[in-house]
Amino acid sequence: MSEEICARDNDPVRLPVARKSSRARTPTEIRTLARSHTRTAIKVLVGVMRSDDATPAARVSAANAILDRGWGKAAQTMENGEDGVLQLIHRIERIIVHPIQSDGEDAGASD
């Protein structure tokens, strides 16, 4: 145990980096900062994807992230389950897009 403590005592001490400003960043500033690291992030993802030492799950996750950013996320299919979610979406669409039907009847009226 004492050897373990001594080994830790020899480790370099890492002090927190002083911040330039204590003010909170706006979402736009955060987005801009994150986007400035895009090239590095993509290189890291490609490195993980190509790494033989990475787990298959990590490689697939990196590959998916690259594809999502390059081509957009795959379209998700919606199933019309018993809860009628798809029917509700179609009804909302009719009300918004076609508020008054050709016969003068309100599209929001009960079916």
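Entry 1, contacts along the chain. I looked up how far apart in sequence the contacting residues are. Among contacts in the protein with a separation of 6 or more, residues 24 or more positions apart account for 3%. I note here that the model is a predicted one.

I asked what share of the residues count as buried. I found that 5% of the 111 residues of the protein do.

I went through the elements and listed 5 helices and 0 strands. Read along the sequence, I get the pattern α-α-α-α-α.

I noted a mean pLDDT of 75 for the protein, with 56% of its residues at 70 or more. Which elements have the lowest and the highest mean pLDDT? The lowest, 48, belongs to helix α1, residues 2-10. The highest, 95, belongs to helix α3, residues 38-50. I then checked residues 1-7, where the pLDDT is below 50. Beyond near neighbours in sequence, this stretch has 0 contacts in the model. Where pLDDT is low, predicted coordinates should not be read in detail, and I left that stretch there.

I turned to α3 and helix α4, the latter covering residues 56-71. Their axes are 8 Å apart, and the two helices pack at an angle of about 140 degrees. Why do α3 and α4 count as oblique to each other? An angle has to be over 145 degrees to count as roughly antiparallel, and the angle here is about 140 degrees, so the pair is oblique. I recorded the crossing of α3 and α4 as left-handed. Next I listed the residues that make the contact. From α3 they are Ile42, Leu45, Val46, Val48 and Met49. From α4 they are Ala58, Arg59, Ala62, Ala63, Ala65, Ile66 and Arg69.

How many salt bridges does a search of the whole structure find? I got 1. The side chains that meet in it are those of Glu29 and Arg23, at 2.7 Å from N to O. Side chains of opposite charge can pair when their charged atoms come close. Glu29 has 26% relative accessibility, so I put it down as partly exposed. Arg23 has 48% relative accessibility and therefore also counts as partly exposed.

How values were computed
Residues numbered from 1 in each chain as written. Predicted model: local features only at pLDDT ≥ 70, side-chain atom pairs only at ≥ 80, totals over all residues. Heavy atoms only, no water. Salt bridge = Lys/Arg side-chain N within 4 Å of Asp/Glu carboxyl O. Buried < 20%, exposed > 50% of the residue type's maximum accessible area, 1.4 Å probe, protein only. pLDDT = per-residue confidence, 0-100. Helix = DSSP H or I, 4+ residues; strand = E, 2+ residues; numbered from the N terminus. Contact = heavy atoms within 4.5 Å. Axes fitted to C-alpha atoms, helices over the stretch in contact; angles between N-to-C directions. Parallel < 35°, antiparallel > 145°, perpendicular 65-115°, else oblique. Left-handed = near helix turned anticlockwise from the far one by under 90°.
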